[in-house]
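Have the model open while you read.

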Amino acid sequence: MIDNRGRRRLALVLAPLLVMALALVGEAPAAAAPAPSAQQRAALAELQQRIDATAAAADNFARDCAAGNFCAYDGSNYSVLKLLTSSYSGSSNVDVANNRTASAANKTDNNWCGWNDGTITNTRLYNFAPHTGVTTLGSANDKIDFFRARAC
Ligand SMILES: [Ca+2]
Ligand SMILES: [Ca+2]
C-alpha cells in the first residue's frame with residue numbers, strides 16, 4: 001500500500017523528472033523536431049517506469065477490490081469473506097454485516113469511516129484515508145456496523 005506520506009515522497013522524486021519531460025515536449029518545434037537524444041529517451045523511459053511502478057504499488061493490496069471501490073472483509077489481510085464492495089460517494093450510511101469487519105481497502109478518492117451502531121449514540125471507530133488499506137483493525141475489530149463516505 002502507499003499512504004499519503006509515501007505519495008508526497010514519490011512526488012518529490014518524480015517532480016524534477018516531470019519538469020524535464022515537460023521541458024523536452026515544450027522545446028520541440030512542431031515542424032523540424034530533432035529526434036530526442038539517447039539521454040532524453042533514457043530519461044523519459046525512466047520516468048515511465050517510475051510512473052508504472054507507482055500505479056502498481058497503489059493497487060498492490062486487496063487485489064479483489066477494484067479501483068474506485070471501498071471493500072470490507074471478515075478476516076484480516078483482506079481475507080475470508082468480502083462483506084462489502086461499494087463505490088458510493090453520497091451522504092447516507094452504507095450498511096455492512098454487524099460486528100464482522102476485520103480489514104478494509106479504500107480505493108476511492110474519499111475518506112471512509114467505520115461506525116458502531118450504539119443504543120443511544122453511534123461511535124466512529126476508524127477512519128480509512130483515500131487509497132489506503134488496513135490489514136487489521138485492532139481495537140475496532142469485529143465492531144463496525146456501518147460506514148460513511150466523504151464527510152464521515
Ligand atoms: Ca470478522
Ligand atoms: Ca457493533
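## Ground rules

This is a predicted model, so to speak of local features a pLDDT of at least 70 is needed, side-chain atom pairs count only at pLDDT 80 or more, and totals for chains, interfaces and linings use all residues. Residues are numbered from 1 along each chain as its sequence is written, while chains are lettered from A and ligands numbered from 1 in the order in which they are written.

## The sheet

Here 4 strands line up as an open sheet, in the order E2-E1-E4-E7, with antiparallel pairing. Strands are DSSP runs of E, at least two residues long, numbered from the N terminus, and two of them pair if DSSP finds at least two bridges between them. At the edges sit E2 (79-86) and E7 (132-134), each pairing on one side only. On average, neighbouring strands of this sheet are turned by 15° against each other, direction ignored; the axes are lines fitted to C-alpha atoms, with angles running from 0 to 180 degrees between N-to-C directions.

Inside the sheet, E1 (residues 70-75) and E4 (residues 103-106) run antiparallel and are joined by 4 bridges. Cysteine 71 stands opposite alanine 105 in E4.

## Two positive phi angles

Asparagine 77 is in the loop between E1 and E2. Its phi is near 55°, positive in a residue other than glycine.

Arginine 150 is in the segment after strand E8 (146-149). Arginine 150 isn't a glycine either, yet has a positive phi of about 60°. With 14 other C-beta atoms within 10 Å, arginine 150 is partly exposed.

Terms used: Buried ≥ 20, exposed ≤ 12 C-beta atoms within 10 Å, placed from the backbone.
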